[in-house]
Amino acid sequence: MPFAHPLRDAKVTVLRTVLLAACGLGLAGCDAIDSINPFANEKYKTEVVPDVPPNKLYSQGLAKLEDRDYEGATKKFDDLDKQYAYSDWSRKAVLMTAYSNYEGGRYEDAITASKRYLQRHPGSKDAAYAQYLLAMSHYKQIPDVTRDQDRSEKALVALTELVQKYPTSEYSADAKAKIQITRDQLAGKEMDIGRYYLERRNFPAAINRFRDVVSKYQTTRHVEEALERLAEAYMALGITGEAQTAAAVLGHNFPDSPWYKDAYNLLQSGGLQPREEKGSWISKAFRGVIGMDTRTAEAQ
């Protein structure tokens, strides 16, 4: 039987006690940390989301369009653009994003997407359509003539650019028609302000507005009234030569216009007749269009 060493046995017993205590403290420490960790019981695992094939994303976007879920369609096309950047699918996605926003009435977003497409793909076969969406997004926001016409100006610029850059595109004819409507809108705004000044006998300010219509918007329906209003304002200021010229140009181009009859009667009341002064700015403004009615001018 081996000899038992009391001191050695006591040390072993103490060591075992210390180790067990240390383990206990360690477990308790871990439990304490877990108790204040809100994520202690959550298990994480890496989840790989497989890419959706581009043709499937595109089809999903089209399906959303058919359901008139324009916001959902935009999201699908945005995902397509992001996941397959710099590919032909991305090109299609940006154009369809513009279209989806346009159809959904989100015109500012449509303008942004259209511009992005034109910046990335200026020479593509669909660039004319992107320009058309850009122009129409401005056009759809044109307000009535009593409000600021900044949107009309932007629509006119975009529509004109479409006709100039893509004259043979299928959108050119519609753009030309809308250019005329937009110009008429801008002329209407000038007339509205001109009448305001005329009623308050601020004749110089009125003349400036009517002059803009005669100089810039000769092919609109407002030009006849603008010429008659010029005759009124010039007569009121005693500038009879310009008043006579305004009436003469009006009668030469629109002999059957009721506005010409008003201008003629106005001159007669002052003992005058319509008479064109070739050096007048009015005569110069109409030089080249005299003898043509508005329909002929529009056709050009």
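## Exercises on helix packing and a pocket

The axes of helix 2 (residues 54-66) and helix 4 (residues 88-103) come within 11 Å and cross at roughly 10°. This is a predicted model.

**Exercise 1.** Classify the packing of helix 2 against helix 4 and list the residues in contact.

*Solution.* 
- Step 1. Take the crossing angle, roughly 10°.
- Step 2. Angles under 35 degrees count as roughly parallel. Helix 2 and helix 4 are therefore roughly parallel to each other.
- Step 3. List the contact. Helix 2 brings Pro54, Asn55, Tyr58, Leu62 and Leu65, and helix 4 answers with Trp89, Lys92, Met96, Tyr99 and Ser100.
- Step 4. Sort by class. The contact holds seven nonpolar, two polar and one charged residues.

**Exercise 2.** Find the relative direction of helix 6 and helix 7, then describe their contact.

*Solution.* 
- Step 1. The two axes, of helix 6 and helix 7, come within 8 Å and cross at roughly 160°.
- Step 2. Angles over 145 degrees count as roughly antiparallel. Helix 6 is therefore roughly antiparallel to helix 7.
- Step 3. From helix 6, the contact uses Ala128, Gln131, Tyr132, Ala135, His138 and Tyr139. From helix 7 come Arg151, Lys154, Ala155, Ala158, Leu159, Glu161 and Leu162.
- Step 4. By class, this contact of helix 6 with helix 7 has eight nonpolar, two polar and three charged residues.

**Exercise 3.** Describe the lining of the second largest pocket and name the helix with the largest share of it.

*Solution.* 
- Step 1. The volume of the second largest pocket is about 160 Å³.
- Step 2. Its lining consists of Leu118, Pro122, Gln131, Leu134, His138, Lys154, Val157, Ala158, Glu161, Lys165 and Tyr166.
- Step 3. Helix 7 has the largest share, five residues.
- Step 4. By class, the lining has six nonpolar, two polar and three charged residues.

**Exercise 4.** Work out how helix 10 and helix 11 run relative to each other, and which residues meet.

*Solution.* 
- Step 1. Helix 10 (residues 223-237) and helix 11 (residues 240-253) have axes 8 Å apart, at an angle of about 160°.
- Step 2. Helix 10 is therefore roughly antiparallel to helix 11.
- Step 3. Their crossing is left-handed.
- Step 4. In helix 10, Glu224, Leu227, Glu228, Leu230, Ala231, Tyr234 and Met235 make the contact. Their partners in helix 11 are Thr240, Glu242, Ala243, Ala246, Val249 and Leu250.
- Step 5. The contact of helix 10 with helix 11 divides into nine nonpolar, one polar and three charged residues.

Key
Residues are numbered from 1 along each chain as its sequence is written. This is a predicted model: local features need pLDDT of at least 70, side-chain atom pairs count only at pLDDT 80 or more; totals for chains, interfaces and linings use all residues. Side-chain values use heavy atoms; hydrogens and water are left out. On a 1 Å grid over the protein atoms alone, a cavity is a set of points where a 1.4 Å probe fits but cannot get out, and a pocket is an open set with protein on both sides within 12 Å along at least five of seven lines; lining residues have an atom within 4 Å of a point. Grid points are joined across faces, edges and corners, and a volume is the space filled by probe spheres set on the points. Helices (H or I, at least four residues) and strands (E, at least two) are DSSP runs, numbered from the N terminus. Ala, Val, Leu, Ile, Met, Phe, Trp, Tyr, Cys and Pro count as nonpolar, Asp, Glu, Lys and Arg as charged, and the others, Gly among them, as polar. Axes are lines fitted to C-alpha atoms, for helices over the stretch in contact, and angles run from 0 to 180 degrees between N-to-C directions. Angles under 35 degrees count as roughly parallel, over 145 as roughly antiparallel, 65 to 115 as roughly perpendicular and the rest as oblique. Contact means heavy atoms within 4.5 Å. A crossing is left-handed if the near helix is turned anticlockwise from the far one by less than a right angle, and right-handed if clockwise.
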